[in-house]
Structure formats: C-alpha cells, structure tokens
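Here is a short tour of aromatic contacts for anyone who likes ring geometry. Have the model open as you read along.

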Amino acid sequence: MTDPLFDPAAKKGSAELLILAVLDDTECHGYDIAKAIEQRTGGLLTFRAASLYPLLYRLEERGWIQGRWQQPSGERRKRTYRLTPSGRKALTAQRGQWTRFVEALSQAAGLGHV
Amino acid sequence: MSDWQSIVRAHLQRSGLDAGRFPDAVDEIASHLERVHRAALAQGLDDEGAHASALRELEGLEPASFTRRPVDTRPRLPLAGLWHSVRAGWRSVTSRPGFSFGIVVMLALGLGFNVALYAIAESALLRPLPHHDPGRVVFLWQGLWPDGDGKVNSVLDYEDFAARSRSFSSLAAFNISFAPLTGGDTPEQINGSLVTPNFFDVLGGRALLGRTLAAGDEVPTVDRPIVISHSLWVRRFNQDPNIITQTLTLAGQTRRIVGVMPASFEHPDPFSDEITEYWSPMTITPGMRTARAMRYLRVIGRLAPGVSLETAQAEVEQIGESLRAEFGILASETNPVLRTIFDELVGDTRLWLLVCAAGAGLVLLLAMGNIVNLLLANTAARRRELAVRAALGASRGRLASQLISESVCLSVGGGLLGVALASLVLRGVLATGGDLSRLEEARIDASVWVFAVALSTLTGLLCGLWPALRVTGRKVMGDLAGARGSTGLEVSRARTWLIAGEMALAVPLVTGALLLSVTLWQMVRVNAGFDAGHATHFRVNLPSGTGQRYASVDQRLRFVSDLEARLRALPGVAAAGVVSSLPMGGLNNTGGRFSYEQHDGAVAEMSAGFRSASAGYFDALGIPVLQGRTFTDAPEDSASIVVNARFAQLAWPGRAAVGQRLRLSSDAKQWRTVIGVVGDVRHVRLTNEADPEVFWPYRSDAWAIVSVVVRSQDPQATLAQIRPAITALDSQLPVVALARVSDIIAATRGPAAFSASAATLFGGLAVALSAFGTFAVLSLLVGHRTREIGIRFALGASRARVRALVLRDALIPALAGCLVGLVLAAWLARTLASRVYGVDPYSPWVFVAAVTTLATMAGVATWLPARRAMRVDPAITLRADA
C-alpha cells in the first residue's frame with residue numbers, strides 16, 4: 001500500500017517544489033529532471049513525461065523556470081531548463097511552507113480540538 | 001527504429017497544447033522518449049520491451065493536459081465556496097453551545113430594541129399621512145406654548161386670517177365636539193368635530209359614500225347634514241349601503257347623514273387622542289365673534305400653488321403685526337406660527353424616536369464590543385486549529401470567510417430572538433406609550449423582518465471583521481510559536497481600550513436614565529394644587545338644543561342641583577360639584593382677557609383662564625380657599641367671582657383681592673366682585689406652572705357640557721355608584737370619562753413614565769454590558785500576564801502592588817472612556833432638555849452620579865480578575881516555564 005504522504009494528491013502539491021529544487025542545483029533536460037527526482041527519493045517518486053512536461057510548461061509560463069534549446073553535435077536537439085530569480089524566490093517560499101506544514105502535522109497529530 | 005515524433009504527435013493532438021508550441025513540444029518529448037528507450041535497452045530489455053517502456057511515458061496524457069489550468073469537470077454550484085464557509089461556520093457555532101448562546105442573548109438584547117424602534121418608526125414616520133399632498137397642509141397657531149404646543153385661535157383670528165391671507169387656497173377651522181348618540185339599543189357618547197364646510201377640501205379628503213360637507217351646510221336647518229366615520233358606519237349602522245340620507249339622533253337633534261369617510265381618513269387633531277366619528281358643520285354666530293381672547297379653534301390651511309411655507313409664514317407674521325396694531329393685541333397673544341401637519345402630528349414622536357434610537361444604538365454597540373472581544377479571544381484559543389487548516393490548504397480568505405460566517409450565524413440567531421423581544425417591547429409601548437401619535441398600527445410585518453435580517457447580518461459582518469482581519473493580516477503559522485508570548489499580551493492590552501469605548505457609550509445612557517427618572521419622580525411629587533387622591537370624575541353632555549329636555553338654563557341648573565344632591569347622598573361622599581373643564585381632563589382650557597380695577601381706580605387688563613364652577617367644586621377637588629369664600633348656589637352670588645392666588649398676586653400685589661372688581665374685557669357692563677381667592681391649580685399639565693385663573697358660578701352660564709367631581713373616602717367604591725345615580729335622574733344620558741381623578745392625573749405622567757422606563761432599561765443594560773466587557777478583557781489580560789505576575793511575586797513585589805498593576809489596566813481606559821462619555825452625555829442632556837422637569841439637564845450631580853455608578857461597576861468587575869492575579873503561585877509559574 002502506498003504511503004499516504006506520497007499518494008497522488010500529495011504528489012501534485014509537492015511536484016513544483018521537487019522540480020524547482022532539482023533545477024536549483026543545475027540546468028537540466030526534462031528527462032534528467034525526472035531521473036534526479038527518482039534518484040533523490042530512492043525510487044519512491046517517479047514522473048512520467050505525461051505529467052512532467054505539462055508541469056514544466058506551466059512553470060515556464062509562470063516565469064519560474066526558463067527553457068532553451070541546445071543542439072549537441074550529432075544528436076537531436078534538446079531543451080534544457082534553468083531556475084529564474086523569481087523561481088528561486090518561489091522555491092524558498094515553498095520550502096518554508098512545506099517545513100511548517102510538516103511541523104504543524106507533527107504537532108496537530110498530538111492535539112485534540114482546542 | 002521508432003518514429004517517436006509521429007508517436008508523440010499523435011498523442012499530443014488533443015492534449016490542449018498551444019499550437020505555437022506544438023512542434024517544439026513534439027521534439028522535446030520525442031527526445032525524452034528516445035532517451036528512455038536507450039536507457040531501457042542499456043538495462044537489457046529487448047527492443048520491444050524498451051519500446052513499451054518508452055510508450056508508458058505517455059500514459060496519463062489526458063485531453064487538455066497542457067491547458068493553463070486543470071479542467072475540473074465536477075459540477076459546481078454558484079457560490080459553492082461561500083456555502084462551504086457558511087456550513088463550516090454553522091458547525092463551529094453549534095459545537096460550542098454555551099458560548100454561542102451567550103453571544104446570541106447579548107445580540108438579541110442589542111438588536112431587539114432597534115427592531116422595535118424600526119417598527120414604531122415605520123408606523124409613525126414612514127407611513128404617509130392619508131391626506132392629499134400632506135406637505136402642503138399646515139396648522140396656523142397664534143403662538144407656541146413653552147412646551148411647543150400651538151396656541152389655538154379665536155373665531156375672529158380665523159376670519160381675519162382667512163380674509164387677509166393670499167398664501168392659502170383654503171383655510172378651515174375645527175373644534176372638538178362630543179354628543180350622545182341615541183336611537184339605538186343604548187345611548188352612546190361619541191366624539192366628533194365641529195368643522196367649517198371647507199375642512200375636507202383643505203385635507204383633500206373624499207367620502208367613501210355620499211359626499212363631504214359643502215358651503216351652505218352650516219346654515220341651521222331642521223335636519224342638518226352630518227358626515228360620519230367608517231367605524232361609526234360599521235358599528236352602529238352595520239355598513240348599510242343605503243346609509244346616505246338616513247338620519248341619526250345626536251344630542252337630541254335629528255341629523256341627515258350625507259357622507260361616510262373611508263377607514264383610512266385620519267382626523268388631524270394634535271390635542272386629542274379620541275377617535276373622531278362625526279363631522280358637523282360649524283355655524284359661526286355673532287356671539288362667537290365678541291372676544292378675540294375666546295380661543296379654542298384649530299385652523300388648518302392648504303398652501304396656494306407655488307407658495308412656499310416660508311412665504312406663507314412671512315405673510316401671516318405681517319398679518320399678525322397689523323392685527324396687533326389695529327386692535328391693540330399683545331404680541332404674546334397674537335404671534336402667528338405655521339407648522340406642517342406632519343410636524344404637528346408626529347413631531348413629538350420623531351424626537352422621542354430619535355432619542356430612543358440613540359439609546360438602542362448605543363446598547364447595540366456595547367453588545368457588539370463585548371462580542372468582538374469574545375470572538376477575538378475565541379479565535380486566539382483556536383489558533384492551532386486555524387493553523388492546521390491553513391497548512392492543509394485552506395486559504396486565508398477561506399479562513400476569514402469561515403470566521404465571518406460564524407459571526408453572521410450568531411448574529412442572525414440573535415436577530416431572530418431579537419424579533420421576539422421586539423414583539424414584547426411593542427406590546428409594552430402600545431400599552432403605555434402615552435401621547436405618541438400614529439403608534440396604534442406599529443407591528444412586526446414583512447418590512448420589519450427585512451430590517452431585522454439586514455441589521456443582524458450587518459452586525460455579524462462587523463463583529464466578525466476584526467477576528468477575520470487577524471487571520472488574514474498575520475502569519476497564522478507564527479501563532480504556533482507565540483502562544484503565550486508577547487504577541488498575545490500586546491493584543492490583550494489593545495483590547496483594554498474596548499473598556500474605554502464601552503464606558504464612553506455607557507455614560508450618556510446612564511445620564512439619560514438618571515435625568516428621566518428624576519423627571520418622573522419630580523412629576524409624582526409635584527403639587528398640582530388639588531387633592532386627586534379622594535376624587536372621582538365623570539362628564540355628561542346635556543342635550544340643550546331647541547326643544548330638547550335641557551334647552552333652558554333653568555332645566556340645566558335643576559339637573560345639576562339634583563345631581564349634586566343625589567351624589568352627596570351616596571355613602572361615603574363628602575362633596576360634589578361641577579366645573580366646565582377638569583384640570584388635565586382633556587377638554588379645552590378656555591381663557592379670556594379680563595379687565596380689573598387697580599388701587600388707583602385705573603383699569604388694567606390681563607389674560608387668564610376661566611372656568612365656571614358650582615359651589616361644591618372647590619371642596620370636591622380639595623382646592624384650598626386662601627382668602628374669603630367660594631360661591632354658594634344662591635342667585636345673589638351670580639355676580640360673584642373667585643380668582644386664584646396667581647391672578648390676585650399679579651393684579652393686586654400686596655393687597656387683599658377680596659372686594660376687588662373685574663370683568664371680561666369684552667363685556668363692558670358686567671363687573672363682578674371677587675369674593676374669594678383659591679389656591680393655584682395646574683390646569684394644563686403637571687409640568688406647567690399655574691396660570692392666572694378666574695372662576696364664576698356655574699349658574700352664570702350653565703354650560704351643557706358638565707364635568708362632575710365627587711369627593712369620597714373610597715373613590716373606587718364611588719365609581720360603581722355613579723352610573724346608577726345618573727340613570728335614576730335621566731336614563732338617556734350617557735356618562736363618559738368616568739375615572740378616579742388620581743388615575744386621570746397618573747395618565748398624564750404616562751409619557752414621562754414610559755420615557756423613564758425605557759431610559760432606565762437602556763441605562764441598566766449599559767451598566768451590565770460594560771461590566772461584562774470589563775470583566776472579560778481584564779480576565780484575558782490577567783491570563784496573559786500570569787508569567788509576569790509570577791516573576792514579580794518571586795522578585796518580592798507585594799500583593800497590593802500587583803493588585804494595583806492589574807487594576808491600572810482597567811481603570812486608566814475606564815477613566816478615559818468616562819471623560820469622552822461626559823461629552824456625549826452633555827449632548828444627550830441638550831437633546832432631552834425639553835423633556836426634563838424639576839432638574840437641571842446640565843446638573844453636575846447627575847454627571848457625577850453617572851460616572852460614579854459606572855466606576856463602581858468597573859471596580860466590581862475587576863475584583864475577580866484581580867483576585868485571580870493575587871493567587872498566582874510564582875513557583876508553579878516559573879516551573880512551567882522551565
């Protein structure tokens with residue numbers, strides 16, 4: 001049974017954070033982003049192209065990431081993404097929110113209705 | 001080799017991808033799939049397996065995956081978010097029944113009085129007068145009394161203004177009237193009005209059946225026309241559709257009914273609360289023109305087209321000036337004033353409603369202050385719940401709307417309970433509302449319900465605003481760390497100024513209660529000049545028309561003589577007498593201009609009230625005789641006259657009045673000799689000082705309308721004996737206004753008693769709500785300062801010092817609030833000045849008493865929280881922090 005913390009509903013809310021966090025380290029192709037997330041979560045979280053690219057395009061429209069085409073010699077052209085300054089701000093904010101969320105859950109779990 | 005671009009292109013066709021981006025997306029995702037395929041091959045999968053692995057990357061690609069927002073196909077109702085907030089708010093309210101009930105009750109008190117006042121205002125002020133274009137109809141008075149009542153006109157006044165003025169299209173006059181209606185099963189005294197034939201034209205009143213009065217109807221004929229009211233037509237004539245041209249017998253005379261007025265028609269007499277059931281044409285005789293000082297007519301006029309009230313006022317003032325010059329009239333006697341019919345009929349009610357609305361509004365604000373405080377405290381106590389809700393996805397707006405929804409749910413509940421309270425208040429007002437006009441139709445109807453719901457909702461929105469702003473304006477998550485830190489203390493300190501606000505509102509309410517209560521007390525104590533406690537009163541109207549049984553003076557004198565003898569023979573009766581009008585008895589107070597001889601023989605004049613009275617009247621009403629004697633019934637006393645002390649003091653200061661002579665100024669022949677001086681009597685109202693009065697013997701004029709006073713040990717028992725005594729003399733004579741004189745006088749205090757009751761209620765609520773608010777705020781503050789107090793004790797602070805610290809938090813804002821409240825109280829005192837009696841509205845003692853009352857209340861309210869602070873154990877407090 002999948003851990004409830006990682007069920008699809010939770011994954012949707014954390015996807016942006018994961019992508020921004022990967023791009024915070026380096027500029028990546030979409031395939032590499034998916035691989036990095038899989039590696040960092042030990043295989044627990046995976047992103048298929050069907051869910052990854054819609055999310056990448058939305059982040060790009062929001063101005064948090066910026067894509068550009070690269071043409072390595074002898075290979076098909078590929079598109080890589082990097083974090084923008086506003087994306088870096090959003091990443092900081094989301095990291096804080098998720099930290100507080102986890103703390104709140106921890107504390108709330110031990111309390112009744114006040 | 002798979003053609004990944006074709007595969008991706010096929011999958012992206014209905015994905016909602018922007019057309020401009022389509023080719024690049026195909027390239028990009030195809031590149032992704034290629035790498036997945038290569039990776040799968042590198043892991044050892046065969047080409048088919050690697051191909052399947054890459055194709056799985058496209059699973060879940062849904063129509064419109066790339067649209068800007070995810071398509072939510074769930075059906076949504078309009079305002080679904082708002083409904084969710086309301087439901088969440090309702091759940092929250094019902095989960096704390098005790099807390100919620102307390103708030104609902106407080107709101108009901110605050111809202112209920114406002115709803116009741118709206119119902120009254122709707123009936124008295126908002127409902128239009130049932131006359132044609134009432135804004136163009138005005139009353140003409142010959143001046144104003146100190147209490148604002150208009151001075152009535154004489155026939156000469158009316159005719160002069162009607163002839164000289166160009167500002168009115170029509171000017172009419174009317175007077176009260178009452179007469180026995182006979183011819184049915186039981187004779188009945190009914191109230192009506194004598195009116196000039198153009199009376200209905202001025203008001204624009206149209207008859208329901210037949211016609212109204214017309215020129216020529218005033219000419220005395222055998223069956224003079226009369227117009228009757230809708231209520232009389234229903235009650236005595238069973239709504240007979242053939243009523244027109246039928247006759248009725250009024251005061252022994254046959255009258256021809258020419259019209260029936262509709263039920264909506266209102267007779268506009270500001271001096272009478274009686275229901276007018278007939279309108280009879282007034283015949284003006286030469287005898288009515290003899291004395292300008294014989295004033296008893298109400299005069300109304302319809303402004304001519306294009307003439308403003310100001311223009312008409314200027315013109316009547318000019319006419320008044322020329323009349324004064326022509327006839328040597330004093331300015332105090334002819335000083336014309338115009339007032340619209342609306343101001344005349346509802347002016348008093350409007351002022352009363354304004355003052356009461358201010359009181360009810362302040363009570364509502366006090367209740368709201370307490371509720372905001374309670375909701376803030378409750379929000380603080382629920383901070384973890386709110387923080388978790390926010391962490392789980394609730395937006396700030398959602399949290400705020402939930403808090404506001406809770407407040408609105410509570411407020412609407414308070415409003416519903418408040419409507420029930422308003423219904424009770426209305427019943428009380430209708431029973432004891434005194435002379436407030438147009439009150440009888442006040443009720444809880446649809447528009448009152450709409451007002452109640454609107455006011456409740458607005459109250460809920462306002463009360464919920466501060467707690468909602470706290471949620472939206474702060475980092476909710478931060479509250480997790482700062483539960484008992486400085487943040488909570490700062491807010492609690494801010495709320496001590498709630499105490500200041502409540503004091504500022506409570507001081508004027510308590511001041512108003514004190515002023516009106518003292519007024520009532522003074523009215524109870526005032527010496528009206530007679531002994532009301534042992535007197536009974538009733539009135540008869542002797543049919544005195546031509547051919548009727550009391551047509552002659554002798555017949556009326558014989559009746560009165562027989563009546564008095566019969567009454568004196570009743571058990572327990574000590575005296576009986578008659579008078580033309582009882583003090584505060586509701587009839588016109590007649591007056592005239594009198595000439596009197598001064599010590600040097602010169603003749604001076606004075607306006608004075610006059611009454612005709614029988615010998616037994618003064619004894620019956622307990623009016624003391626100060627000099628000389630009163631009349632006897634002997635004919636030789638016919639030319640005697642009795643004056644009151646005020647007349648004697650003004651006319652013959654320092655000299656004996658007995659033996660002096662005076663006469664009605666308009667009657668050059670008949671000088672009368674003063675045989676006695678009686679004590680001053682307050683004839684018009686308890687709060688009016690006695691005017692100069694003149695009494696002459698009843699046998700001088702033998703008026704047909706006779707007010708009878710009977711003195712006995714037990715007036716209540718005497719009441720039951722009077723009708724049989726009258727019936728034995730004349731079975732066809734209705735007896736009206738039968739009551740103990742003490743009850744008649746008490747009824748005049750009705751409005752003052754009602755005002756005092758309302759003000760005391762508001763003042764009491766103000767004290768209670770302020771006390772609760774002070775207690776609640778201070779309790780919260782002590783709770784937040786427990787650690788600080790514990791440290792202070794640990795460092796050696798005395799209990800007295802700590803108590804002073806706690807009390808200071810309440811007393812400083814309370815003092816500040818009282819200072820502001822005194823300013824508001826001074827404004828209220830100015831507004832109430834015309835309704836206050838026997839006390840200076842700006843008396844410093846009243847303000848001191850109000851502030852002392854509230855300060856004492858604040859002290860009591862702080863006692864428990866201060867005691868709690870005294871009991872803080874520093875050891876426990878400091879261990880909890882460790």
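This report covers ring pairs, then charges over rings.

The model is predicted, so local features need pLDDT of at least 70, side-chain atom pairs count only at pLDDT 80 or more, and totals for chains, interfaces and linings use all residues. Residues are numbered from 1 along each chain as its sequence is written, chains are lettered from A and ligands numbered from 1 in the order in which they are written, and side-chain values use heavy atoms, with hydrogens and water left out.

A search of the whole structure turns up 21 aromatic pairs over all chains. Rings of Phe, Tyr and Trp (its six-membered ring) pair if their centres lie within 6.5 Å; planes under 30 degrees apart count as stacked, over 60 as edge-to-face and the rest as tilted. F139(B) and W141(B) are stacked because their ring centres are 5.2 Å apart and their planes at 10°. Y617(B) and F618(B), in turn, form an edge-to-face pair, with 5.4 Å centre to centre and 65° between the planes.

The table gives the values.

| Residue | Relative accessibility | Class |
|---|---|---|
| F139(B) | 0% | buried |
| W141(B) | 0% | buried |
| Y617(B) | 0% | buried |
| F618(B) | 1% | buried |

F139(B) and W141(B) also belong to a cluster linked by ring pairs, together with F174(B), F199(B), F200(B), F265(B) and W279(B).

Now for the charges. A charge sits over a ring if NZ of Lys or CZ of Arg is within 6 Å of the ring centre and within 35 degrees of the ring normal. In chain A, the charged end of R62(A) sits over the ring of W64(A), 4.7 Å from its centre. In chain B, R672(B) has its charged end over the ring of W696(B), 4.6 Å from the ring centre.

Notes
Buried means under 20% relative accessible area, exposed over 50%, partly exposed in between (1.4 Å probe, protein chains only).
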